[in-house]
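Keep the viewer open as you read.

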Amino acid sequence: MLREAGKLLRSAATTLHRDPGWLQTILIGGLLSLTLAGMPWVAGLVMESLDNSRKGYPTPLPPWYNWGTRYLIGLFALLIDFTFFILPLMAMLFFLFCFGAGVLLSGENEQRTFQFIALLTGSIGGTVILLLFLSSVAPAARILYAMEGTIENALGMLPLRWTLNRAARGHFWRARLASLGGYGPAATIALLIAATARISFVGQTAVLIVLVWLLLSSILYAHLIVIQVYVAVEKEIPRTILLNLSRR
């Protein structure tokens with residue numbers, strides 16, 4: 001499994017690096033993400049690259065153009081991440097807030113109970129989000145979005161049923177294992193940011209801004225690697241599985 005995942009990762013990176021302008025593309029994307037308002041453009045670029053890869057021409061990467069359409073596509077792509085990751089987290093925090101408010105208002109003797117419930121809720125919520133990540137539900141939903149051109153099925157239970165299907169889950173697990181390597185540069189830069197933030201020196205703010213820019217650029221790099229991995233794996237999964245699931 002690890003050897004196959006390694007081959008997938010190397011193949012995805014080789015495909016991405018085949019574009020001579022890949023570094024410029026991700027640096028521009030990181031700069032757009034740094035503004036926060038530009039994140040839908042970045043997500044739209046990833047979706048367009050996913051669609052191109054499924055059609056057989058993964059490189060060169062899409063140029064930075066067609067801003068209006070790409071922004072809308074990116075908003076829908078971010079909605080997928082919101083549904084499968086942010087929404088469960090918000091539900092967990094809402095439960096914790098409601099329960100915690102009641103406990104704290106009841107008296108100081110209940111603070112230990114609140115701490116226990118907070119720990120339990122955090123553990124359960126973190127486990128759910130981790131399992132959703134490992135299940136590959138978000139990449140599968142993006143593939144469905146690119147495949148159908150509509151967002152409805154991508155936001156439902158179909159992506160999760162697809163990734164957990166007995167005949168498909170091994171492929172998706174291999175893809176997720178391979179995709180973890182794409183986040184290596186982002187993890188390294190994140191550690192560098194944490195180390196830089198702990199010390200004080202002249203120009204620290206400027207250095208941190210540059211590092212955050214590089215972090216966001218490396219996350220875009222990881223996402224572009226991820227889609228190459230999942231596009232390759234999707235070709236190995238029988239299409240009849242998804243068709244049968246769609247009819248249920």
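Buried means under 20% relative accessible area, exposed means over 50%, and partly exposed covers what lies in between. Keep in mind that the model you are viewing is predicted.

Which class does Asn66 belong to? Its relative accessibility is 39%, so Asn66 counts as partly exposed. Asn66 sits in the loop between H3 and H4, and has a positive phi of about 50° although it is not a glycine. Pro60 also lies in the loop between helix H3 (39-54) and helix H4 (67-106). Thr59 and Pro60 are joined by a cis peptide bond, with omega about 0°.

Ser136, in the loop between helix H5 (111-134) and helix H6 (137-148), has a positive phi too, near 70°. Ser136 counts as buried because its relative accessibility is 0%. As background, most residues other than glycine have a negative phi, and most peptide bonds are trans.

## Nonpolar cores

The largest nonpolar core has 51 residues, and Trp162 and Leu224 touch the most other members. Helix H10 (residues 204-234) gives the most to this core, with 10 residues. Another core, of five residues, lies apart from it and includes Ile189, Ile193, Leu211 and Leu215.

Leaving aside residues up to four places away in sequence, Leu224 touches Leu16, Ile26, Val46, Ser49 and Leu61.

## A cavity

The structure holds one cavity of 30 Å³ or more, and the largest cavity has a volume of about 40 Å³.

How values were computed
Residues are numbered from 1 along each chain as its sequence is written. This is a predicted model: local features need pLDDT of at least 70, side-chain atom pairs count only at pLDDT 80 or more; totals for chains, interfaces and linings use all residues. Side-chain values use heavy atoms; hydrogens and water are left out. On a 1 Å grid over the protein atoms alone, a cavity is a set of points where a 1.4 Å probe fits but cannot get out, and a pocket is an open set with protein on both sides within 12 Å along at least five of seven lines; lining residues have an atom within 4 Å of a point. Grid points are joined across faces, edges and corners, and a volume is the space filled by probe spheres set on the points. A nonpolar core is a set of buried Ala, Val, Leu, Ile, Met, Phe, Trp, Tyr and Cys residues joined through side-chain atoms within 4.5 Å. Buried means under 20% relative accessible area, exposed over 50%, partly exposed in between (1.4 Å probe, protein chains only). Helices (H or I, at least four residues) and strands (E, at least two) are DSSP runs, numbered from the N terminus. Contact means heavy atoms within 4.5 Å.
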